[in-house]
Amino acid sequence: MKDKLRVGALISGGGTNLQAIIDACEAERINARVVFVGSDQPGVKGLARAEKHGIPSFVMEYGPILQRPCEYRLPEDLDLDDVVSKQHLFSRDQTPDRARDYCSARAVAEAKLLAEMEKFPFDILVLAGFMRIFSPYIIDKINIGHDLPRIMNIHPALLPAFPGVDGYGDTFAYGCKVGGCTVHFVDYGEDSGPIIGQKAYTIDPGDSEMDIRKKGLELEWKLYPECVGLFADGRLSMASRGKRTVVEIR
Ligand code: GRF
């Protein structure tokens, strides 16, 4: 059997998706192991989950950096023009200064995050309820030199519908009759990268937003380990389809 895929995980909160991945690894349902857990929030339950399973963890708080970015030195290897030109979050024509401020503050935080993660060699990075958007600075550092993207995210909606922070709330508010969750590779936009897997649930008459969250989360816990397992088994590849890059599963 091939060596186990080394999975790094980033969280911001409760870490139920992290738990699902740890459980799948420990039960050997997937050929992987979690090698570190990083959080941008101290004291969250996901960190306690890591400790319980003997997985090393760290906290790298974005908050102080984003509040006072001028107090921090930019990473020496940051090419800000390159990062700003690649990002898809701001239109360059309309908001050049905002995009530069946004990307430079993110790069400061991301350089510190990379310094923590470098202590634990990993093959893929899973964002498991990590509530920060990556800039092209860190995405390129993690992906360059590899055939496949190496950062996965789970999103609580059927992308490309309802990107952003509240996928379940948006699904409910729109009156959808079907909802779901998506695991995708991270690209330079928000929740816009190539889709690896999706699962859907039916929204029944009378379902509350809480019901939707419960149905969705239960599917997330199945979907995320499955997608990590596909990567571990070498079953993912990238293909061009029209203007898009898509994931093909062998
Ligand atoms: C999940 O709904 C995930 O889709 C979203 O944030 C939530 C995280 O939950 N990105 P948990 O921390 O894994 O319990």
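Strands here are DSSP runs of E with at least two residues, helices are runs of H or I with at least four, and both are numbered from the N terminus. From β4 the chain goes through helix α6 (residues 136-143) to β5, and this β-α-β crossover is right-handed. For that label, you look with the strands pointing away from you, and the path from the first strand over the helix to the second runs clockwise.

A word on where the values come from. The model is predicted, with local features needing pLDDT of at least 70 and side-chain atom pairs counting only at pLDDT 80 or more, while totals for chains, interfaces and linings use all residues. Residues are numbered from 1 along each chain as its sequence is written, and side-chain values use heavy atoms, with hydrogens and water left out.

Back to β4, residues 124-127. Which way do its side chains point? Ile-124 and Val-126 point one way, Leu-125 and Leu-127 the other, and all of them are buried. By buried I mean under 20% relative accessible area; exposed is over 50%, and partly exposed lies in between, with a 1.4 Å probe and protein chains only. On one side, β4 is joined by four bridges to strand β1 (residues 5-11), and the two run parallel. There, Leu-10 stands opposite Leu-127. Three bridges join β4 to β5 (residues 151-155), also in parallel.

Now the whole sheet. It is open, has seven strands in the order β3-β2-β1-β4-β5-β6-β7, and its pairing is mixed. Two strands count as paired if DSSP finds at least two bridges between them. At the edges sit β3 (57-59) and β7 (195-202), each pairing on one side only. From one strand to the next, the twist averages 20°.

Helix α8 lies across β1, β2, β4, β5, β6 (178-185) and β7, running at about 155° to β7. The axes are lines fitted to C-alpha atoms, for helices over the stretch in contact, and the angles run from 0 to 180 degrees between N-to-C directions. Contact means heavy atoms within 4.5 Å.

That brings us to the packing. The largest nonpolar core has 44 residues, and Val-34, Val-126, Met-152, Tyr-224, Val-228 and Leu-236 touch the most other members. Its largest share, nine residues, comes from α8 (residues 209-232). Another core, of 33 residues, lies apart from it and includes Phe-122, Phe-130, Tyr-137 and Ile-139. A core here is a set of buried Ala, Val, Leu, Ile, Met, Phe, Trp, Tyr and Cys residues joined through side-chain atoms within 4.5 Å.

Let me pick out a few single residues. His-155 lies in β5. Is it buried or exposed? His-155 counts as buried because its relative accessibility is 2%. What does its side chain meet? A polar atom of the His-155 side chain lies 2.6 Å from the backbone oxygen of Phe-162, and a polar contact of 3.4 Å joins the side chains of His-155 and Asp-191. A polar contact is a pair of N or O atoms within 3.5 Å; within protein, one must be able to donate a hydrogen and the other to accept it, and residues adjacent in sequence count only if both atoms are side-chain atoms. Leaving aside neighbours within four places in sequence, the contacts of His-155 include Cys-181, Thr-182 and His-184.

Ser-237 lies in strand β8 (residues 236-241). With 18% relative accessibility, Ser-237 also counts as buried, and its side chain makes a polar contact of 3.4 Å with the side chain of Arg-250.

Last stop, Pro-56, in the loop between α2 (45-52) and β3. Pro-56 counts as partly exposed because its relative accessibility is 35%. Not counting residues up to four places away in sequence, Pro-56 touches Val-35, Phe-36, Val-37 and Phe-120. How far is Pro-56 from Val-34? They are 22 residues apart in sequence and 9.2 Å apart in space, C-alpha to C-alpha. Thanks, everyone!
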